[in-house]
Amino acid sequence: MKLSRYEQETIVNYNAGEQTAALYTRDKAVMRKLDTLVADFSETYKLTGQDEVSKTYSFPKSYVSYRKPRAVSTEQRERARQMMIAKNKAKRD
């Protein structure tokens, strides 16, 4: 079944009373990432349900992370730009 980009949702659900979070997804890229985590860390990440278009996983809610946006200075941005130019030039040579 082909889903539209809008229908490829991911929902993370947890509450203060439990130590686990549930993640429901219909996004194949997220499924691949979580399937890898389930395979590599089966004691931590669990596949708890699935159907033809979605999967549900559980894991410790402490693994849910909120981060500040990364601040990149003008100097860092210019260095990264120069590195990309050099990398692309090396590929062409």
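**Exercise 1. Find which residues T44 touches, and state where T44 lies.**

Step 1. Contact is counted when heavy atoms come within 4.5 Å. Leaving out residues up to four places away in sequence, T44 touches S58, F59, P60 and Y63.

Step 2. The position of T44 is the loop between α1 and β3. Helices (H or I, at least four residues) and strands (E, at least two) are DSSP runs, numbered from the N terminus.

Step 3. T44 has a relative accessibility of 19% and therefore counts as buried. The classes are buried (under 20% relative accessible area), exposed (over 50%) and partly exposed (in between), with a 1.4 Å probe and protein chains only.

A note on the model: it is predicted, so local features need pLDDT of at least 70 and side-chain atom pairs count only at pLDDT 80 or more, while totals for chains, interfaces and linings use all residues. Residues are numbered from 1 along each chain as its sequence is written, and side-chain values use heavy atoms, with hydrogens and water left out.

**Exercise 2. Check the span of α1 and sort its residues into buried and exposed.**

Step 1. The expected span of a helix is 1.5 Å times one less than its number of residues. For the 13 residues of α1 this gives 18 Å, and the end C-alpha atoms are 18 Å apart, so the two values agree.

Step 2. In α1, the buried residues are M31, L34 and V38. They lie on the same side of α1, because their arc around the axis is only 75°. The arc is taken from the directions from the helix axis to the C-beta atoms.

Step 3. R32, K33, A39 and D40 are exposed on the other side of α1.

Step 4. The cover over the buried residues of α1 includes β2 (20-25), β3 (46-50) and β4.

**Exercise 3. List the salt bridges and describe the residues in each pair.**

Step 1. A salt bridge is a side-chain nitrogen of Lys or Arg within 4 Å of a carboxyl oxygen of Asp or Glu. Searching the whole structure gives three salt bridges.

Step 2. One of them joins the side chains of D35 and K55, at 2.8 Å from N to O. This pair links distant parts of the chain, with D35 in helix α1 (residues 28-40) and K55 in strand β4 (residues 55-60), 20 residues apart. D35 is partly exposed at 27% relative accessible area, whereas K55 is buried at 15%.

Step 3. E75 and R79 also form a salt bridge, at 3.4 Å from N to O. Both are in helix α2 (residues 74-92), four residues apart, about one turn of the helix. E75 is exposed, with 58% relative accessible area, and R79 is partly exposed, with 47%.

Step 4. The side chains of E78 and R81 meet at 3.0 Å, N to O, in a salt bridge. These two are three residues apart in helix α2, so about one helical turn separates them. E78 is partly exposed at 34%, and R81 is partly exposed at 44%.

**Exercise 4. Which residues form a nonpolar patch on the surface, and how much accessible area do they have together?**

Step 1. Patches are made of residues with over 30% relative accessible area and no salt bridge; like charges are joined within 9 Å, and nonpolar side chains (Val, Leu, Ile, Met, Phe, Trp, Tyr) within 5 Å.

Step 2. The patch consists of V12, Y14 and Y66, with about 340 Å² of accessible area together. Accessible areas come from the Shrake-Rupley method with a 1.4 Å probe; for residues, only the protein chains shown count as cover.

Step 3. V12 belongs to strand β1 (residues 10-13). Its relative accessible area is 41%, so V12 is partly exposed.
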